[in-house]
Amino acid sequence: NFSRVTEFILLGLSDTRELQVLSFTFFFLAYAMVLLGNLLIIVTVRTDPKLSSPMYFLLCNLSFIDICCTSVTSPRMLVDLLSQRKAIAFEDCIAQLFFLHFVGASEMFLLTVMAYDRYTAICKPLHYTAIMSRQACWVLVSSCWAGGFLHSIVQTLLTIQLPFCGPNKIDSYFCDVPPVIRLACTDIYVTEWLMASNSGLISLVCFLVLVTSYTFILVTIRVHFTEGHWKALSTCASHVMVVTLFFVPCIFIYFRPFSTFPSDKHICVIYTVFSPLMNPLIYTLRNNEVKVSMWKLWKRCRV
């Protein structure tokens with residue numbers, strides 16, 4: 001006999017009221033900057049015909065995914081920071097878990113595609129137009145979303161088949177696989193290894209593909225260095241910063257048994273808040289074409 005848990009209690013980042021108010025101010029500003037910055041990139045790319053290359057098409061999709069990714073966790077976190085009782089219904093918790101892994105895995109695949117785009121542009125410039133055609137870009141982006149959906153479905157199904165009948169306090173500010181399955185009323189050894197091999201393996205493989213792509217890029221630039229290659233290298237440096245912010249915490253959290261390690265809620269802030277926040281800053285401040293287009297857009301809006 002057992003009663004199924006109908007809601008979870010999110011413990012949040014801190015139980016100190018002063019820190020909660022301070023955190024609300026910081027994360028509210030961060031969320032607003034994520035929305036405004038990524039929306040600005042999307043509008044700029046969509047309105048400027050000069051930004052029609054595959055790189056900017058993929059950047060536009062990355063900005064959209066970043067908005068989705070941070071919107072899965074930030075609004076709920078902001079509400080809970082001002083609430084006394086931070087409860088979330090079981091169904092809402094599972095939905096948050098599903099969409100987090102959906103957009104998170106999609107972003108991993110998209111970052112890998114962006115690295116392949118840069119590799120093709122630098123290492124195979126004569127075939128770049130044929131390889132990265134508009135149709136090919138749409139197929140690659142659609143594959144990223146499909147891969148993210150498949151990954152998320154697996155994680156969600158493995159979670160909802162577990163019995164939750166006792167503890168209901170999640171030591172985090174959002175519902176994710178590691179803190180949720182720790183509350184299951186059964187042995188989760190096999191389940192957590194299946195989940196770790198799923199999320200962790202995806203993170204590690206994508207990261208290794210990215211590292212391999214950048215290695216080939218660096219070798220090519222070293223052998224045939226031109227002014228155009230310097231511009232490409234600057235773009236790749238920005239990409240590496242995004243990859244480091246996003247992949248390293250994910251590999252650390254998901255590529256290991258969940259139940260034998262403490263909560264990593266503070267590390268989760270890096271890829272749920274800071275990574276989406278840094279993307280518009282990195283891609284605009286280090287890209288003259290985007291900055292010029294944004295300035296033109298601003299002048300048109302003022303007229």
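# Exercises on a predicted protein model

Leu-40 sits in helix α1, which covers residues 17–47. Keep in mind as you work that this model is predicted.

**Exercise 1. Describe the surroundings of Leu-40: is the residue buried or exposed, or something in between, and which residues does Leu-40 contact beyond its sequence neighbours?**

Solution. 
- Step 1: Begin with accessibility. Leu-40 has 37% relative accessibility, so this residue counts as partly exposed.
- Step 2: Set aside the neighbours within four places in sequence; Leu-40 is then in contact with Met-294 and Leu-297.
- Step 3: Now try a distance. Between Leu-40 and Phe-274 the sequence gap is 234 residues, and their C-alpha atoms are 18 Å apart in space.

**Exercise 2. Judge the overall dimensions: what radius of gyration does the protein chain have, and what would a compact globule with 303 residues have?**

Solution. 
- Step 1: For 303 residues, a compact globule would have a radius of gyration near 19 Å.
- Step 2: The protein chain has 21 Å, which agrees with that expectation.
- Step 3: The C-alpha trace spans about 70 × 45 × 30 Å along its principal axes.
- Step 4: Buried residues make up 51% of the 303 residues, and of the contacts with a separation of 6 or more, 81% are between residues 24 or more positions apart.
- Step 5: The chain exposes about 14,800 Å², with carbon and sulfur atoms supplying 70% of it.

**Exercise 3. Examine the aromatic pairs: how many does a search of the whole structure find, and how are the rings of Phe-8 and Phe-164 arranged?**

Solution. 
- Step 1: The search of the whole structure gives 20 aromatic pairs.
- Step 2: Take Phe-8 and Phe-164. Their ring centres are 5.8 Å apart and their planes stand at 85 degrees; planes over 60 degrees apart count as edge-to-face, so this pair is edge-to-face.
- Step 3: Phe-8 belongs to strand β1 (residues 7–10) and Phe-164 to the loop between α5 (134–160) and β3 (169–170), so the pair ties together parts that are 156 residues apart in sequence.
- Step 4: Check burial. Phe-8 has 0% relative accessibility and therefore counts as buried; Phe-164, also at 0%, counts as buried too.
- Step 5: Compare with Phe-98 and Phe-102. Their ring centres are 5.9 Å apart and their planes are at 35 degrees, so this pair is tilted.
- Step 6: Locate that second pair. Phe-98 and Phe-102 are four residues apart in helix α3 (residues 90–123), so about one helical turn separates them, and both are buried.
- Step 7: Widen the view. Ring pairs link Phe-64, Phe-98, Phe-99, Phe-102, Trp-145 and Phe-149 into a cluster.

**Exercise 4. Follow the charges: how many positive and negative side chains does the protein chain have, and where do Glu-18 and Asp-171 lie?**

Solution. 
- Step 1: Tally the side chains: 22 are positive and 17 negative, and the centres of the two sets lie 11 Å apart.
- Step 2: Find Glu-18 in helix α1. Its relative accessibility is 60%, so Glu-18 counts as exposed.
- Step 3: Relate Glu-18 to Phe-164. These two are 146 residues apart in sequence and 33 Å apart in space, C-alpha to C-alpha.
- Step 4: Find Asp-171 in the loop between β3 and α6 (177–181). At 31% relative accessibility, Asp-171 counts as partly exposed.
- Step 5: Relate Asp-171 to Ile-94. The sequence gap is 77 residues, and the C-alpha atoms are 16 Å apart in space.

**Exercise 5. Find the spacing of Phe-164 and Ile-181: what distance separates their C-alpha atoms?**

Solution. 
- Step 1: Start from Phe-164, in the loop between α5 and β3.
- Step 2: Ile-181 is 17 residues apart from Phe-164 along the chain, and 8.6 Å separates their C-alpha atoms.

Notes. Residues numbered from 1 in each chain as written. Predicted model: local features only at pLDDT ≥ 70, side-chain atom pairs only at ≥ 80, totals over all residues. Heavy atoms only, no water. Rg over C-alpha atoms; globule rule 2.2 N^0.38 Å. Buried < 20%, exposed > 50% of the residue type's maximum accessible area, 1.4 Å probe, protein only. Contact = heavy atoms within 4.5 Å. Areas by Shrake-Rupley, 256 points an atom, 1.4 Å probe, with all protein chains shown as cover. Lys, Arg positive; Asp, Glu negative; His and termini not counted. Charge placed at Lys NZ, Arg CZ, Asp CG, Glu CD. Phe/Tyr/Trp six-rings, centres within 6.5 Å; stacked < 30°, edge-to-face > 60°. Helix = DSSP H or I, 4+ residues; strand = E, 2+ residues; numbered from the N terminus.
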